[in-house]
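Let's take a walk through a protein together, starting with the whole thing and then zooming in on single residues. Keep the picture open and follow along.

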Amino acid sequence: MATPTHGGRAKCLQRLVRLDLPVPRTVALSFAEVHRIAAGQMPDMAALLAHFDPDALLCVRPSSEDPDWGGPGAVLNIGMNDARYVALTESIGHDASASLYMRFVQGYAIHVARLDPDLFDEIEDVGQAGLSAALAAYEEEAEEVFPQDPAVQLREVLRSMARAWEGTTARLLRQAKGAPVDAGLGLVVQEMAPGLGKGECGSGVLQLVDSDTGLPQITGRYLSQSQGREALKHRNTSLFLEKDPRGPSLEELAPEAFHQLKANAELMRRKLRAEMQIEFTIQNGQVHILDGMRVQRSSRAAVRIAVRLVEDGIITPQEAVMRIEPGAISELLHRQVAPGADRRVIGRGIAASPGAATGRIVFSSAEALACTSRGETCILVRRETSPEDIRGMHAAVAVLTERGGMTSHAAVIGRGLGLPCVVGAARMKIDLQRKTILAEDGRTFREGDIVTLDGTAGEVLEGSPDMVEAALDDAFQTLMGWADEARDIGVRANADTPADAATARRFMAQGIGLCRTEHMFFEADRITPMREMIFADATEDRQAALAILLPMQRADFTELFRIMEGLPVCIRLFDPPLHEFLPTDRAGLRDLAEALDLPVSDVTRRVESMGEYNPMLGLRGVRLGITVPEIYDMQARAIFEATLDASREGAPVVPEIMLPLVSANREVELLRSRIDAVAAEVRAERGRDFTYRRGGMVETPRACLRADEIAPHCQFLSFGTNDLTQMTYGLSRDDAGRFMGDYVQQGVFSEDPFHVLDLDGVGELVAIGVERGRSSNPGVTLSICGEHGGNPESIAFCRAVGMTYVSCSPFRVPVARLAAAQFALSAQGVRKPPRM
């Protein structure tokens, strides 16, 4: 791809000229030339002006590589002076001529001479009186008369715009938008066609598509010199400008010009291979095209536009896939706050799960369930969520927490459920006792108050602003089909419940890459036998409690297998420390004491004795499987029996059993033997055979380094990068949100490592694990199942190191599918189109 030298606007205008469209005479200054101007090396102004008619008015517009990077504002009517004012009054009248001159004086004063804008706000006169006042104000403040020489005017405009681009403030602003430090600016000097005269004159913009829906529809605006108001109107999807009830439309005022504009827009669409907006003027009935730019579009419109361009034979399906930002796909999967809605922000946090929802504030899972039973929507507010909040999260339409980061409990579960979620809203004070929220502006919101949570923007809004519904239409499905044809890495979903699995299936996941079985034990009918198992001292007592849970777990797995219909399902055996399932409040302790027929004091002491200083580094994962093996025995049996039950009615099921938190090959050896023994028992009891796959979850640094010893005992290894990042950095993923913003802002971390995979540290460990695992077991399946699996930048890394698939939250599956396709197409030489 050629290195840009003049910017997108200049390149587009060059192409319009080559299409023989009526573009006014234009001269483009390169990035290098503008850089020299900023340093004080001015071009030959006489030579520059020689390209234009001596009486022409000029404008200067910025031309950066990417229009989103911003730039100095355009300056119009350069060349307007006392003599030109007198000459123009004969052709367009005193008022119009004075208006042109006055606008130039004001623009030049503010943007070039850097005078106070308030000087001109006080001028109420129009026409010649207003012009005289503006010239007098300029002379008094600048201590010099307004420059009359067009060469001087143009020179100072160019110098001002060049220096504005290279100023510190402008550089920091565009770097925040992703521009490189050395991003260049081109400038376009263009002869103006001011749209003023005795015939039909005016100016406007026109496009052939609706920016919000992407449907074919002529839309735009036209300001006629004679009307002084908008005259472009539209109706539904017809290529027709409906008559304006306030006056004639452009089609009626200048039918030839109108039809020429339509033809020009269609020609630009086909030749520039994009939906374009035309900026135009009409001078005595003659069309002049001043600029062309890609139509601004919503995410929904972008998908429809790309698909229609393919259907019309203008671009290829591969190019359409490259034109959609993967992150924009998330907006199509969830309700969003409408673009023009009134946003009264009362708090901010980390945008942990996209989408928006409105509901009443509640502060506990019980209140969320009660609210739902009354048919009301609610937003669950917690300092931070824990596994026992799962039921409340299912009942709520959104979740807000004061603490947490991108991989905290609320964030991970929120993304899995498709719930809008904002975490780490530390500047909002949540008081669970008084059931109040102290907003950032000092106001207090109470339980029952209605708020809106925008998980896409990371904001909490007062009241209920207008919403835009999710849009998974035919165009979306068509685009994703093209993406699937292109990508060369699999995409699975992390799914814990049948509802999650159904969502994963709807979004075309290629299986389940992580099913966290512990979430299944928090249901009301399961938590008591689970706690009885935890309190049991003898193997027999633990087995008796687990016997109650076995049919429930078997039913869960059977439903999961049936929903996935033969696609692979990777089930992670029990992972969290047992104390997470024990009550912490007085009421819960009393209920448990009653169920166990023990004094509350005994239960309280036992619960306290099970606490750990560092529970995430304590008795969890495979360590539980080895020290309390009855749990894994029960789960393995449930998986195998569900495999046989589900295989009766559908495609054969091949479950994948994953051991969490492995660090040593001996751990895998011990548990592999027990799982194989359970499989043999089930085969003998049922008289039927089945197959299954064994694997480990690599989420400790040691597992990465010793992957060559672990891999021979596994058929697959899945990198759990949430915990691996936590352990590599020595960071609590639940607490990092308190300071992560400061770390990123001050450049300690370039990105939140729980959001974007740290390639230098964590990535190196993963790469080592991949290389060593394959060295001892070339056929081992390798994947990633942390939240990084849905992040486009992280997917590029996974593909580069040779992973088989990535697995992410169900609602991030389409994002991962599209990102994976774009990386594959980029490797084949398909490029994203330049910005215009």
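This is a predicted model: local features need pLDDT of at least 70, side-chain atom pairs count only at pLDDT 80 or more; totals for chains, interfaces and linings use all residues.

Residues are numbered from 1 along each chain as its sequence is written, and side-chain values use heavy atoms, with hydrogens and water left out.

Now the overall layout. Taken along the principal axes, the C-alpha atoms fill a box of roughly 105 × 55 × 55 Å. Inside it you'll find 33 helices and 29 strands. Both are DSSP runs numbered from the N terminus: helices are H or I with at least four residues, and strands are E with at least two.

Helix 25 covers residues 629-647, and at 1.5 Å a residue its 19 residues should span 27 Å. The expected span is 1.5 Å times one less than the number of residues. The end C-alpha atoms of helix 25 are 27 Å apart, which agrees. Is this helix covered or open? Mostly covered, with 19 of its 19 residues buried.

Next, charges. Lys and Arg count as positive, Asp and Glu as negative, and His and the chain ends are not counted. Side chains of opposite charge can pair when their charged atoms come close. We call it a salt bridge when a side-chain nitrogen of Lys or Arg is within 4 Å of a carboxyl oxygen of Asp or Glu. How many salt bridges does the structure hold? There are 57.

Take Arg36 and Glu33 as an example: they form a salt bridge, and their closest N and O atoms are 2.8 Å apart. Both sit in helix 2 (residues 31-38), and because they are three residues apart, about one helical turn separates them. An α-helix has 3.6 residues a turn, so residues three or four places apart point the same way. Arg36 is partly exposed at 36% relative accessibility, while Glu33 is buried at 18%.

Here are two more pairs to find. Glu156 and Arg155 meet in a salt bridge at 2.9 Å, N to O, and Arg155 is partly exposed, with a relative accessible area of 29%. Arg443 pairs with Asp441, with the closest N and O atoms 3.0 Å apart. Arg443 is partly exposed at 34%, and so is Asp441 at 45%. Salt bridges can also share partners, and in that way Glu266, Arg269, Arg270, Glu275, Arg308 and Asp312 are joined into one network.

A patch is made of residues with over 30% relative accessible area and no salt bridge, where like charges are joined within 9 Å and nonpolar side chains (Val, Leu, Ile, Met, Phe, Trp, Tyr) within 5 Å. The place of a charge is taken as NZ of Lys, CZ of Arg, CG of Asp or CD of Glu. Asp116, Asp118, Asp121, Glu122, Glu139, Glu140, Glu141, Glu143 and Glu144 form a negative patch. Helix 6 (118-121) and helix 7 (127-142) are the elements that give two or more residues to this patch, and helix 7 supplies the largest share, three residues. Glu122 lies in the loop between helix 6 and helix 7, and it is exposed, with a relative accessible area of 66%.

Leu272 belongs to helix 11 (residues 255-272) and is buried at 6% relative accessibility. Leu272 and Arg15 are 257 residues apart in sequence and 8.0 Å apart in space, C-alpha to C-alpha. As for the angle, look at the loop between strand 7 (276-283) and strand 8 (286-294), where Asn284 is found. Phi of Asn284 is near 55 degrees, a positive value in a residue other than glycine.

Note on methods: Buried means under 20% relative accessible area, exposed over 50%, partly exposed in between (1.4 Å probe, protein chains only). Accessible areas come from the Shrake-Rupley method with a 1.4 Å probe; for residues, only the protein chains shown count as cover.
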